[in-house]
Amino acid sequence: MTHAADASPPGDGALDADLILVGGGLANGLIAWCLAAERPALRLLLLEAGPTLGGNHTWSFHPTDLSEAQHAWLAPLVAHRWSGHEVRFAQRQRRLRGGYASLTSERFHALLSALLGPRARCGVGVQSVMPTQVRLDDGRVLRARAVIDGRGLRRSAHLALGHQKFLGQELQLDAPHGLDAPLLMDATVDQLDGYRFVYVLPFSADTLLVEDTYYADAGDLDAEALRGRIAQYAAARGWRVRRVLREEQGVLPIVLSGDVEGFWREAGGVPASGLSAGLFHPTTGYSLPDAVALAELVAAQPDLSATALFEAIRRHAIERWQARGFFRLLNRMLFRSAPPHLRWKVMQRFYGLPEGLIARFYAARLGPLDKLRIVSGKPPVPLGAALRAVLDRPASSTEAPR
């Protein structure tokens with residue numbers, strides 16, 4: 001369906017586009033995917049500094065994270081699906097029936113590039129972004145009715161953060177690995193630099209993605225050390241690596257607390273998406289469900305002027321922030337109450353809860369009884385530190401666990 005507002009008004013001949021999306025990652029890519037299908041008359045530009053859309057990433061989700069309609073339009077971009085997944089801890093191993101699915105940046109780039117054609121431009125560096133214009137590294141200025149900035153998290157004094165950092169390698173093995181489902185958390189590994197686990201996605205009988213992951217206080221990432229630990233993990237599993245097909249890495253924000261109104265004031269009226277808008281699961285760092293919801297929101301907006309679009313996205317993001325305060329509380333309990341080397345106990349306890357509750361947790365749709373169930377019983381962290389986390393006060397680094 002074409003929106004009447006998508007027909008450029010008189011006097012807009014000087015505009016380079018109706019909407020410019022800066023950053024070709026997941027959030028802006030899905031916005032472009034929706035708009036190209038739903039509003040083909042819209043003059044759209046998607047600018048990416050790197051050589052490909054989506055960079056070098058894998059994005060995953062659980063089936064219950066999305067509605068039936070969302071599954072339908074996202075389906076062409078999904079590269080892998082599984083019927084279940086597993087977790088492993090020192091004192092718990094569990095197979096969950098809920099499915100799992102992943103998008104790969106390779107498929108993302110191929111399909112989105114084919115759909116958008118010249119409207120997607122890679123290798124375009126951006127110097128600055130304003131609500132209705134973009135200054136490129138070469139000095140050129142592109143103008144539009146609105147610009148959406150999706151270039152990643154904006155560092156802000158208004159957010160207190162922990163970090164989820166990882167390095168992953170897609171490995172081709174000499175023989176089948178024997179896995180028939182993703183291993184979302186293997187926390188039986190040595191606990192280093194906070195809560196550490198290995199995340200494994202089996203892409204084919206002899207290829208898999210292995211990510212060494214940390215819930216850590218500091219955001220620094222020692223890539224060489226993580227490569228060595230992946231090699232050690234593969235060897236311990238009896239996997240002989242023929243070659244490393246590719247590598248990805250990242251440092252995701254885990255929000256502990258903050259002032260969301262202040263965060264949005266810093267945006268200067270520029271509409272934002274993805275991490276730039278604070279739209280990601282506060283605890284897991286998963287961003288795809290929020291990116292899907294934002295793409296639908298933008299595609300449905302009758303007015304795509306910068307002012308209207310900024311207010312619509314800001315309101316949407318603040319509503320999600322307010323609805324997710326419980327997750328930030330859990331984050332504070334994990335980062336400020338549990339000694340780093342014992343954070344795995346918090347996660348082990350969580351994975352003993354009912355499967356439906358775990359699914360609702362990942363979907364960020366917990367009910368009051370779910371929240372009560374999560375915090376009831378003897379906490380796996382020191383009680384005093386847990387109470388300070390509730391009050392949003394830093395825990396003592398010297399308090400011993402019970």
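How many residues does helix H8 (residues 325-337) have, and how far does the helix reach from its first C-alpha to its last? In this predicted model, in which helices (H or I, at least four residues) and strands (E, at least two) are DSSP runs numbered from the N terminus, H8 has 13 residues and reaches 17 Å, close to the 18 Å expected at 1.5 Å a residue; the expected span is 1.5 Å times one less than the number of residues in the helix. Residues are numbered from 1 along each chain as its sequence is written, and side-chain values use heavy atoms, with hydrogens and water left out. Because the model is predicted, local features need pLDDT of at least 70 and side-chain atom pairs count only at pLDDT 80 or more, whereas totals for chains, interfaces and linings use all residues.

Helix H8 is mostly covered, with 12 of its 13 residues buried, where buried means under 20% relative accessible area, exposed means over 50%, and partly exposed lies in between (1.4 Å probe, protein chains only). The buried residues of H8 include Phe 326, Phe 327, Leu 329, Leu 330, Met 333, Leu 334 and Phe 335, and among them are also Arg 328, Arg 332 and Arg 336.

Helix H4 (residues 223-236) has 14 residues and reaches 20 Å from its first C-alpha to its last, close to the 20 Å expected at 1.5 Å a residue. In H4, the buried residues are Ala 223, Leu 226, Ile 230, Tyr 233 and Ala 234. Seen down the axis of H4, these buried residues fall within an arc of 95°, so they line one face of the helix; the arc is that of the directions from the helix axis to the C-beta atoms. An α-helix has 3.6 residues a turn, so residues three or four places apart point the same way. The buried residues of H4 pack against strand E12 (159-173), E13, E14, strand E15 (207-216) and strand E16 (241-258), contact being defined as heavy atoms within 4.5 Å. On the other side of H4, Glu 224, Gln 232, Ala 235 and Ala 236 are exposed. Gly 238, which follows H4, has a positive phi near 80°.

Strand E11 (residues 141-149) has 8 of its 9 residues buried, so it is largely enclosed by the rest of the structure. Two strands are taken to pair if DSSP finds at least two bridges between them. Strand E1 (residues 17-22) is joined to E11 by 5 bridges and the two run parallel, with Leu 21 standing opposite Ile 148 in E11. Strand E10 (residues 133-136), by contrast, runs antiparallel to E11 and is joined to it by 3 bridges; here Arg 135 has Val 141 in E11 as its bridge partner. E10 and E11 form a hairpin with 4 residues between them, and Gly 139 in the turn has a positive phi of about 95°.

Most residues other than glycine have a negative phi. Asp 193, however, has a positive phi near 55° and is placed in the loop between strand E13 (183-186) and strand E14 (195-202), where Asp 193 counts as partly exposed because its relative accessibility is 43%. Ala 364, likewise not a glycine, has a positive phi of about 60°; Ala 364 is found in the loop between helix H10 (355-362) and helix H11 (368-375) and is buried, with a relative accessible area of 18%.
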